[in-house]
Amino acid sequence: MPKITYVAHDGTKFEVDAENGSTVMENAIKNAVPGIEAECGGACACATCHVYVDEAWAEKAGGPEAMEEDMLDFAYDVQPTSRLSCQIKVSDELDGLVVKVPERQA
Amino acid sequence: MSEKSNSIAETDVVIVGAGPVGLFAVFELGLLDLKCHLIDILDRPGGQCAELYPEKPIYDIPAWPEISGQGLTDRLMEQIAPFDPVFHFNRMVAGVEKQADGSFIVTTDEDEKIKAKVVVIAAGGGSFQPKRPPVPGIEEYEDTSVFYSVRRTEEFKDHDLLIIGGGDSALDWTLNLLPIAKSVTLLHRRDAFRAAPDSVNKMKVLVEKGHMSLQLGQVTGLNGSNGQVESASVKTSEGDMIDVNCTRVLPFFGLTMKLGPIADWGLNLNENLISVDTEKFATSEHGIYAIGDINTYPGKLKLILSGFHEAALMAHAAKKHIDPDERIVFQYTTSSTKLQKKLGV
């Protein structure tokens, strides 16, 4: 199973096993990673599952699509590698993915 | 003013929240001859279905393999129309007071009062409120020089305005306030706007003609004193830090959900959700029920269909609460001519 590492704002690392096809948001919620709220439940309809993809993984994870980019307008401190974690699907290609949780969601 | 606050509307049930579950509760209560008033902070029915995902499909409504949030709302409105519910939109419930006779007086934030025998909380994730943008110390300027909505345009007359956002609210107010403002700067994170293309084009023409400014970037701080903003620190899309002079700031960062004043009603809460039993969906306060996403009980699933089920059981419990001596004969809409008469079919 691919591994994802979430780095909380205080630096705490959460390493979790994630099923292929699940989303980075779902795995954060399942493993109670602090700082990921996912108010809308994964519909790309809020911006409370915002993460920064680690630079090294930015290319593999890809950039946001138009709808996601629109929602990112509502996120806190948007940076070049900002993504909504409900829109990143886990795959073998992303085994080892590192994402950072922003200081706050909204 | 006095006329408004003195008149008290009377009904059987006040439902807090006009999302799918609140709407369906009107149906179940209506079959039991209970009349409903609904209060919602939004300007239309549907709750999250209307506000967050009107166009997005829902796949787990029984017998609807696929239906949009707006489609579901429209169908529910059609289904409850025979019961003539009264809607109070753009209102938040400010307080609930229990009367000596066991009834309740519900007060809205516009000071309207509704007397009801039962109160049903179907408030989902809470009330939608404007999101506070990620600016440290913004609280100290709120309601004096930072506003999240325009209630009186007079408040912005002859001011240097900084409007933040890229959606319809931001663009509409940019265009509407420009004629009365001293200057207007529109600040948005990127050079793509969610607002209607027509408004975006109008704005761009105004920028070209030098009537207003457009700045791409994100605000990082506000400068001023005693609640009065003097300038905003902005990190531009090129990464430079600049100061934008402004005396009024209007951030439009969308809406978020907050439990709001319900948290202060003295009900038993569990992590911001209202604890209920699974027979009546009653809260810790006799006569107040909670259904849908806002309640919690062992095994709770936040599904619209669970909310519908809860509405049906709650309705029977509420009927018993209101008319303890009346024997409720359980009937089916398919076969009961009495129920069909109520539905007008």
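**Notebook: helices of chain B**

I started just after helix 6 of chain B, where B:Gly210 takes a positive phi of about 80°. For the record, helices (H or I, at least four residues) and strands (E, at least two) are DSSP runs, numbered from the N terminus.

Before going on, I noted that this is a predicted model, where local features need pLDDT of at least 70 and side-chain atom pairs count only at pLDDT 80 or more, while totals for chains, interfaces and linings use all residues. Residues are numbered from 1 along each chain as its sequence is written, and chains are lettered from A and ligands numbered from 1 in the order in which they are written.

**Entry 1: chain B as a whole**

I counted eight helices and 20 strands in chain B. Its C-alpha atoms fill a box of roughly 75 × 45 × 40 Å along the principal axes. Of its 345 residues, 39% count as buried. My rule for that word: a residue is buried if 20 or more other C-beta atoms lie within 10 Å of its own, exposed if 12 or fewer, and partly exposed in between, with C-beta atoms placed from the backbone.

I also looked at contacts, meaning two residues whose C-beta atoms, placed from the backbone, lie within 7 Å. Among the contacts in chain B with a separation of 6 or more, 60% join residues 24 or more positions apart. The contact between the chains takes twelve residues from chain A and 15 residues from chain B. On the chain A side I found eight nonpolar, no polar and four charged residues. Here Ala, Val, Leu, Ile, Met, Phe, Trp, Tyr, Cys and Pro count as nonpolar, Asp, Glu, Lys and Arg as charged, and the others, Gly among them, as polar.

I went back to helix 6 of chain B, residues 197-208. Its twelve residues should span 16 Å at 1.5 Å a residue, and its end C-alpha atoms are 16 Å apart, which agrees. The expected span is 1.5 Å times one less than the number of residues. How many of its twelve residues are buried? I found one, so helix 6 of chain B is hardly covered.

Next I checked its partner, helix 5 (residues 168-177) of chain B; the two axes come within 10 Å and cross at roughly 45°. Axes are lines fitted to C-alpha atoms, for helices over the stretch in contact, and angles run from 0 to 180 degrees between N-to-C directions. The two helices are therefore oblique to each other. Angles under 35 degrees count as roughly parallel, over 145 as roughly antiparallel, 65 to 115 as roughly perpendicular and the rest as oblique.

The crossing of helix 5 and helix 6 of chain B is left-handed. That label applies if the near helix is turned anticlockwise from the far one by less than a right angle, and right-handed if clockwise. On the helix 5 side I listed B:Asp168, B:Leu171, B:Asp172, B:Thr174 and B:Leu175, which meet B:Ser199, B:Val200, B:Lys202 and B:Met203 of helix 6. By class, that contact has four nonpolar, two polar and three charged residues.

**Entry 2: helix 2**

Just after helix 2 of chain B, B:Asp33 takes a positive phi of about 70°.

Helix 2 packs with helix 4 (residues 69-80) of chain B at an angle of about 20°, with the axes 9 Å apart. The two are therefore roughly parallel, and the crossing is left-handed. Residues making this contact include B:Phe24 and B:Phe27 of helix 2 and B:Leu76 and B:Ile80 of helix 4. I noted nine nonpolar, three polar and no charged residues in it.

**Entry 3: helix 7**

Helix 2 also meets helix 7 (residues 304-322) of chain B, with axes within 8 Å and a crossing of roughly 35°. This crossing is right-handed. Among the contact residues are B:Val21 and B:Glu28 of helix 2, and B:Gly307 and B:Ala311 of helix 7. The classes are twelve nonpolar, one polar and one charged.

Helix 7 of chain B has 19 residues and reaches 26 Å, close to the 27 Å expected. Its buried residues include B:Glu310 and B:Lys319. What covers the buried residues includes strand 1, helix 2, strand 8 and strand 19 of chain B.

**Entry 4: B:Asp293**

Last, I looked at B:Asp293, in the loop between strand 19 and strand 20 of chain B. Buried or exposed? B:Asp293 counts as buried, because I find 27 C-beta neighbours inside 10 Å. Leaving out residues up to four places away in sequence, B:Asp293 touches B:Gly124, B:Gly125, B:Lys302 and B:Gly307.
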